Amino acid sequence: MRGTAVSLRIQVPLTQDAILTIKYDPAQVQSSPESGLRMFRAVGSTWQALSQSAADVNAKTVHGSISGPGIYAILVQASVARVSVAPDSKTLKAGDTLAFKATSQDADGATLENRAVSWTSSAPEILQVDGSTGAAVAKAPGTAVVTAQAEGKSGNAAVTVTPGD
């Protein structure tokens, strides 16, 4: 996350969840895209994104659902610049299983946590991949490319499947 456009402390107890809306000054956002603004809450020494936080660039506001007192800030949530897949190549026997792992990084190379990833296989008849978990099952001899995609960026892994025992 980059830069704070505004932060505030809420000390009044809430009896139910509420929507907090904060107006921001575009000059404070600097060169970051306003659509990347999100509302965060301080949790210990880290920032946690609020559920359903979103920016309204026309109104110059950011809103999010809050459930109690705390320190809240509008921060720029870094975009995914690169996705890598591990392992990046593998040879499996038909019938083998393997869980692929995707790592999303921002433009500075920092790892981005909790980004939604979708998975595909170029040849599902050779290597079947679960679209949400990256778990793969080798089905038949041949080659396939596994692709992980997050926020429009993708990474690949090459897989060769050999005959099983």
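**Exercise 1. Describe the largest pocket: state its volume, its lining and the elements that contribute to the lining.**

Step 1. The largest pocket has a volume of about 360 Å³. A pocket is defined on a 1 Å grid over the protein atoms alone, as an open set of points where a 1.4 Å probe fits, with protein on both sides within 12 Å along at least five of seven lines. Grid points are joined across faces, edges and corners, and the volume is the space filled by probe spheres set on the points.

Before going on, note that this is a predicted model, in which local features need pLDDT of at least 70 and side-chain atom pairs count only at pLDDT 80 or more, while totals for chains, interfaces and linings use all residues. Residues are numbered from 1 along each chain as its sequence is written, and side-chain values use heavy atoms, with hydrogens and water left out.

Step 2. The lining of the largest pocket consists of 15 residues (each with an atom within 4 Å of a point), and those nearest the centre are F40, Q77, E113, N114 and R115. Strands here are DSSP runs of E with at least two residues, numbered from the N terminus.

Step 3. By residue class, the lining of the largest pocket holds seven nonpolar, five polar and three charged residues. In this division Ala, Val, Leu, Ile, Met, Phe, Trp, Tyr, Cys and Pro count as nonpolar, Asp, Glu, Lys and Arg as charged, and the others, Gly among them, as polar.

**Exercise 2. Is S53 buried or exposed, and which backbone atoms does its side chain reach?**

Step 1. Begin with the location: S53 sits in the loop between β4 and β5 (54-56).

Step 2. S53 counts as buried because its relative accessibility is 12%, where buried means under 20% relative accessible area, exposed over 50% and partly exposed in between, with a 1.4 Å probe and protein chains only.

Step 3. The side chain of S53 reaches the backbone nitrogen of M39 at 2.6 Å, and a polar atom of that side chain lies 3.5 Å from the backbone oxygen of H63.

Step 4. If neighbours within four places in sequence are left aside, S53 is in contact (heavy atoms within 4.5 Å) with R38, M39, V62, H63 and G64.

**Exercise 3. Carry out the corresponding analysis for S121.**

Step 1. S121 belongs to strand β13 (residues 118-121), and it counts as buried because its relative accessibility is 16%.

Step 2. The side chain of S121 reaches the backbone nitrogen of A123 at 3.2 Å and the backbone oxygen of L127 at 2.7 Å.

Step 3. With neighbours within four places in sequence set aside, the residues in contact with S121 are L127, V129, A144 and V145.

**Exercise 4. Which way does β17 run relative to β9 and to β16?**

Step 1. Strands of a sheet pair through backbone hydrogen bonds, either parallel or antiparallel. Two strands are said to pair if DSSP finds at least two bridges between them.

Step 2. Strand β9 (residues 89-93) and strand β17 (residues 153-162) run parallel and are joined by five bridges; T91 stands opposite T160 in β17.

Step 3. Strand β16 (residues 142-150) and β17 run antiparallel and are joined by nine bridges, and Q149 has S154 in β17 as its bridge partner.

Step 4. β16 and β17 form a hairpin with two residues between them, and E151 in the turn has a positive phi of about 50°, although E151 is not a glycine. E151 counts as partly exposed because its relative accessibility is 47%.

**Exercise 5. What is the strand order of the open sheet of three strands, and where does the cis peptide bond lie?**

Step 1. The order is β8-β11-β12, with antiparallel pairing; β8 (82-86) and β12 are the edge strands, each pairing on one side only.

Step 2. Five bridges link β8 with strand β11 (residues 101-105) in the antiparallel sense, and the bridge partner of V83 in β11 is S104.

Step 3. The peptide bond from A86 to P87 is cis, with omega near -10°, and P87 lies in the loop between β8 and β9.

Note on methods:
Helices (H or I, at least four residues) and strands (E, at least two) are DSSP runs, numbered from the N terminus. A polar contact is a pair of N or O atoms within 3.5 Å; within protein, one must be able to donate a hydrogen and the other to accept it, and residues adjacent in sequence count only if both atoms are side-chain atoms.
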